[in-house]
Structure formats: structure tokens, C-alpha cells
Amino acid sequence: MRAFLVVMDSVGIGGAPDAARFFNDGLPDTGANTLLHIAQACADGRAEEGRTGPLKLPVLDRLGLGHAGALACATLPPGLGAEPQGLWGAATEASNGKDTPSGHWELAGRPVPFDWGYFPTKPPVFPAPLLARVSELSGAGGTLGNEHGSGTVMLDRYGAEHMRTGWPICYTSADSVFQIAAHEDLFGLDRLLTLCERIAPMLHEMKVGRVIARPFVGTAGAFRRTGNRHDYALRPPAPLLPSWVHAAGRTVHAVGKIGDIFSMEGIDHLHKGDDAALMGHLSRLVDTAEDGSLTFANFVEFDSLYGHRRDVSGYARALEWFDASLGRLLPRLRKTDILLVTADHGNDPTWPGTDHTRERVPVLAFGCGPKPVGQVGFADVAASVAAHLGVPSQGPGRSFL
């Protein structure tokens, strides 16, 4: 008896009842729907880069993805509508956020009990004492950036100056994050990670959720970020699903950035890499993970490579790759296993701006037989995984198994 909890980062299905309280470029998220709008673009021939035709997700659709989408927003995504053969439903978030920690912490058992700290939208965005401390800890003598922006834009804008001065690049986004980019060879990867680790407590006192090390390599005009990113996250305020399982003497495997999100609390083994490598880790764990174990995986590239960059074709390609990969895993699960697929928020690539979108998320499970569970809460996911593993749930959620 094992549990595999897989988060498709940002694959929302619309319909969040409080979407009007969340914004992109000053416009409310009302009507944002990551899955539906990608499926519509594919059906209309507007997502033809590297793929073609309607969105093809036969495995997820057989689990109930199309019906979950219709449950969330009363509209069946084009090309998705197979009769569900798995457990299916739609989950609504209670936490006051549409970011990675909010979604994952609540999926793991508890809504976030406070409001995150965010930086102003107009530069300069960081308080002078914070940048002075970064400069002091790095020994570089100064910093670059001090604004909102995407990582690739920051490298284009400041990468050459960073190479000349050695000053780290500091920036943020609409999330509760403080990001520091530096060249792996010139600045040094260990130096960057140490800097982020040492500055993190100052950010966490401000309730900023994560300090993110963003290493890159290359030369001017050809900079690229590496896979050595590391998140220094605020510790969860209470034990969550990985800690529940670990405390019961079971093994917990973290695939992707799960270890960072939970500050390694309750995590026994960490498996990292890009999404292709993560799928390899997940595939191997399907064959080798211990009886009674939890494997908790996050596939981030839907969000980081395609949602924020508003790349509809890329997002559709990633979904189809994930679906085909999942189809090769499911037949190898043991009869007493469950594999549950969900998401942490939305990131509609057709929406204005570049931020996440406030949406409901799908809840799909293989190993439970056909079972509609209706509208559930994020915290119900943790309660259900705990119930399957026979581990006491310590949160407000209720099992839908």
C-alpha cells in the first residue's frame, strides 16, 4: 500500500469563487481557466508550435479531467469528455494566495494561517537595509535589479553588468519571493546558495515565502538558467502531510521542488532535476518505493516555462507529454497503490499579465475505481492520502476516498 501524490504545477480548471479578489495587470482573474483556454486554443488551431490539432490527453481524460473541468466551471473543455474510469473532482483553495507555498501547504493539510509579505510593484521595490545586507553577506559591494521581472528578462537586462561588477541581481515577482541571480562560474554556485541561505531569515521575518537562488551560465546574449535553483522557504507553521507520514515511521520521497517547499520537514529522500528527469525519478519510484511510503512530486515546467511566459503551444505540448508519460506509469502500480493527480493554482497562458491565476484545480486518482467526489477542499487531499496510508490526519480536511 503506497501513495503517489503528483502536482501538475499551475494546471487550474477555472471556477474559483473568489477569483475577483485576485489580479493580473490590474484586471481580476474572473474567468481565468488554464485547461479550458488551452483546449480551446488547440481546437481552434491557435496552438500549433511543436504540436498540432485538438488537445490530446487520453489518460488524464479517462481518469476524469474533462468532467472535473466541467464541474469547476460548467464548461466541458473541447476534446475532453471521456467517461471517467478514476476518482475525479474539483478542489477549491481556502488560503489567501495563488502561489506555490499556499497551494502545496494546503494540499498537504492546512490552509496558510497568515497573509504573505509582498513587495511594491514599482521600483525601487526592496527596502534599503535588505539590499545592504545582501551586499554585506555577498561581499560583492553592491546589487543590481531591485524590481519586478521574469528571470530571463533580468538576465538580458543585468547579466552583462553582473559579469562586469560581480554584483548579484535581486528581483521579485507577483509571488511572495525574493530572488537572487548570479553566474555559477563568475560568482560561484556555493557562494550564491550560502548568500540565499543566510539572507532568508530576514525575508521570513517579513513573511516573504521564499528566497530563491537563480544560478545561470553563459555569456552576454546567451545566458541561460541552470537546474541548480534552490528555494529557501518559510517553514510550515504546523506539521503537514510529509511529517505525518514520516512520524508514523514511513518513508517519504520528494520529487522536484517538494523538498524546498516544505523545508525538508518530513522528507527522507530528495530527487531533483528538470521535468524529464523528474518523470524518470517517478517512474523508478513506482517500481521501487517502499511499502507504506509517500511519493510527493511536483512538475514545475507547466508553470515556469509556459504559464508565466504565456506560451499556449508550449503548455499544450507539456500537458501531452505528461499525459503520455503517466500512461506508461499507471499499469505498473500495485493493486493496493493510489496515484493522485492535482494542481496548486492556475497560470492561464491566455490571460493578461504574467502572474498565476486564481482557479480551482482537478483532483484525479488511479486505484480507486470510478468515483465522482464533487467539490472538495485542498486540505481534503492530504486527509485522503493519510487515510489510504493508515496515517492519522492532523488537519481540517476530510477524506474523499
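This is a predicted model: local features need pLDDT of at least 70, side-chain atom pairs count only at pLDDT 80 or more; totals for chains, interfaces and linings use all residues.
Over residues 1-391 the chain is 37% helix and 20% strand. The end C-alpha atoms are 12 Å apart.

I'll start with the sheet. It is an open sheet of 8 strands, with mixed pairing, and the order is β12-β11-β13-β1-β14-β15-β4-β16. At the edges are β12, residues 269-271, and β16, residues 371-377, each of which pairs on one side only. From one strand to the next, the twist averages 15 degrees.

At the β12 end, the neighbour is β11, residues 252-255; these two strands pair in the parallel sense, over 3 bridges.

Helix α12, residues 312-329, lies across β1 (3-8), β13 (294-299) and β14 (338-342). Relative to β14, helix α12 runs at about 175 degrees. Helix α13, residues 378-389, lies across β1, β4, β13, β14, β15 and β16. Its angle to β16 is about 130 degrees.

How do α10 and α12 cross, and at what angle? The axes of α10, residues 275-288, and α12 come within 10 Å and cross at roughly 15 degrees. Angles under 35 degrees count as roughly parallel, so α10 is roughly parallel to α12. The crossing of α10 past α12 is right-handed. On the α10 side the contact is made by Asp275, Ala276, Met279, Leu282, Ser283 and Val286, and on the α12 side by Trp321, Phe322, Ser325 and Leu329. By class, that contact has 7 nonpolar, 2 polar and 1 charged residues.

The other partner is α1, residues 34-43. Helices α1 and α12 pack with their axes 10 Å apart, at an angle of about 105 degrees. The range from 65 to 115 degrees counts as roughly perpendicular, which means that α1 is roughly perpendicular to α12. From α1, the residues in contact are Thr34, Ile38, Ala41 and Cys42; from α12 they are Val312, Tyr315, Ala316 and Leu319. This contact has 7 nonpolar residues, 1 polar and no charged ones.

On to the annotated site. Which residues does UniProt place under "binding site"? The unreviewed entry gives Asp9, Asp344 and His345. They are spread over 337 residues of sequence, yet they cluster in space, with a largest C-alpha distance of 7.2 Å. Asp9 sits in the loop between β1 and β2, the latter being residues 23-24.

Last, two backbone details in loops. The peptide bond from Pro123 to Pro124 is cis, with omega near 0 degrees. Pro124 belongs to the loop between α4 (100-107) and α5 (128-138). The other detail is Asp25, a residue other than glycine with a positive phi, near 50 degrees. Asp25 is in the loop between β2 and β3, with β3 at residues 27-28.

To recap: a mixed, open sheet of 8 strands, helix α12 lying across β1, β13 and β14, and a "binding site" that UniProt places at Asp9, Asp344 and His345.

Conventions: Residues are numbered from 1 along each chain as its sequence is written. Side-chain values use heavy atoms; hydrogens and water are left out. Two strands pair if DSSP finds at least two bridges between them. Helices (H or I, at least four residues) and strands (E, at least two) are DSSP runs, numbered from the N terminus. Axes are lines fitted to C-alpha atoms, for helices over the stretch in contact, and angles run from 0 to 180 degrees between N-to-C directions. Contact means heavy atoms within 4.5 Å. Angles under 35 degrees count as roughly parallel, over 145 as roughly antiparallel, 65 to 115 as roughly perpendicular and the rest as oblique. A crossing is left-handed if the near helix is turned anticlockwise from the far one by less than a right angle, and right-handed if clockwise. Ala, Val, Leu, Ile, Met, Phe, Trp, Tyr, Cys and Pro count as nonpolar, Asp, Glu, Lys and Arg as charged, and the others, Gly among them, as polar. UniProt positions are given in the numbering used here, feature names are shortened, and annotations may be inferred rather than shown by experiment.
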